[in-house]
Amino acid sequence: MMQFMLLFSRQGKLRLQKWYEAHPDKLKKKITRELISTILARKPKMSSFLEWRDLKIVYKRYASLYFCCAIEQQDNELLTLEVIHRYVELLDKYFGSVCELDIIFNFEKAYFMLDELMVGGEVCETSKKNVLKAIAAQDLLQEVSYGDTPYEM
């Protein structure tokens, strides 16, 4: 089971975080700081897997963003890399070659996509088509909700 997923930039700025296990905010910040600095200090040719505390960390860099997941010891690292890649494919398909700014300005879409792909740290939908359909339906619902009704002050 995945414990959490972090997306951060090459400069160490956290762009998205999803926690599947409850932790106090102070501990989340400490974990995030520690992991970001550890991963950014690693050389590009080094393995994308590392042992950290009692977890395994799996990360992958796409353009200027790092996608980092913490999994339990018995979980498969390659499967986790595949989940990261599937998430990036979904983001690419939706945004058309996703970049850091897409995540910053459309973080709610990025979270929604992740929630469609995973529930409780486990993959629940493997079909990109089904995830993108759910996002299109959500976009349509949002458009209908906000598009036709003028805001009253």
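Guide: The expected span of a helix is taken as 1.5 Å times one less than its number of residues. Helices (H or I, at least four residues) and strands (E, at least two) are DSSP runs, numbered from the N terminus. The model is a predicted one, in which local features need pLDDT of at least 70 and side-chain atom pairs count only at pLDDT 80 or more, while totals for chains, interfaces and linings use all residues. Numbering starts from 1 along each chain as its sequence is written, and side-chain values use heavy atoms, with hydrogens and water left out.

Helix 2 covers residues 77–95, and its 19 residues should span 27 Å at 1.5 Å a residue; the end C-alpha atoms are 27 Å apart, so expectation and model agree. Some of its residues are buried (under 20% relative accessible area), others exposed (over 50%) or partly exposed (in between), using a 1.4 Å probe and protein chains only. Thr80, Val83, Ile84, Tyr87, Val88, Leu90, Leu91 and Phe95 are the buried residues of helix 2. Viewed down the helix axis they fall within an arc of 155°, so they line one face of helix 2. That arc is the one formed by the directions from the helix axis to the C-beta atoms. The other side of helix 2 has Leu78, Leu79 and Lys93 exposed.

Both ends of helix 2 can be described. Just after the helix, glycine 96 has a positive phi of about 70°.

Strand 5 (residues 65–72) is mostly covered, with 7 of its 8 residues buried. Pairing of two strands requires that DSSP finds at least two bridges between them. Strand 1 (residues 2–9) is joined to strand 5 by 7 bridges, and the two run antiparallel. Strand 4 (residues 55–62) is likewise antiparallel to strand 5, through 8 bridges. Cysteine 68 of strand 5 is the bridge partner of leucine 6, and tyrosine 59 also stands opposite cysteine 68.

The hairpin of strand 4 and strand 5 has 2 residues between the strands. Alanine 63 is in that loop; its phi is positive, about 55°, although the residue is not a glycine. Alanine 63 is exposed, at a relative accessible area of 64%. Serine 64, in the loop between strand 4 and strand 5, is buried with a relative accessible area of 19%. Its side chain makes a polar contact of 3.2 Å with the side chain of glutamate 100. A polar contact is a pair of N or O atoms within 3.5 Å; within protein, one must be able to donate a hydrogen and the other to accept it, and residues adjacent in sequence count only if both atoms are side-chain atoms. Leaving aside neighbours within four places in sequence, serine 64 is in contact (heavy atoms within 4.5 Å) with Phe8, Ser9, Arg10 and Glu100. Another non-glycine residue with positive phi is arginine 53, near 50°. Arginine 53 lies in the loop between strand 3 (49–52) and strand 4 and is partly exposed at 46% relative accessibility.

Helix 1 can be read in the same terms. Helix 1 (residues 25–41) has 17 residues and reaches 24 Å from first to last C-alpha, close to the 24 Å expected at 1.5 Å a residue. Ile31, Thr32, Leu35, Ile36 and Ile39 are buried in helix 1. Down its axis, these buried residues fall within an arc of 125°, so they line one face of helix 1. The face turned away from that buried side carries the exposed residues Lys26, Lys29, Arg33 and Ala41. The cover over the buried residues of helix 1 includes strand 1, strand 2 (14–19), strand 3, strand 4 and strand 5.

For the chain as a whole, the secondary structure comes to 5 helices and 7 strands, in the order β-β-α-β-β-β-α-α-α-β-β-α along the sequence. Its radius of gyration is 17 Å, close to the 15 Å that the globule rule gives for 153 residues, so the chain is as compact as a globular protein of that length. That radius is taken over C-alpha atoms, and the rule is 2.2 Å times the number of residues to the power 0.38. Of the 153 residues, 35% count as buried.
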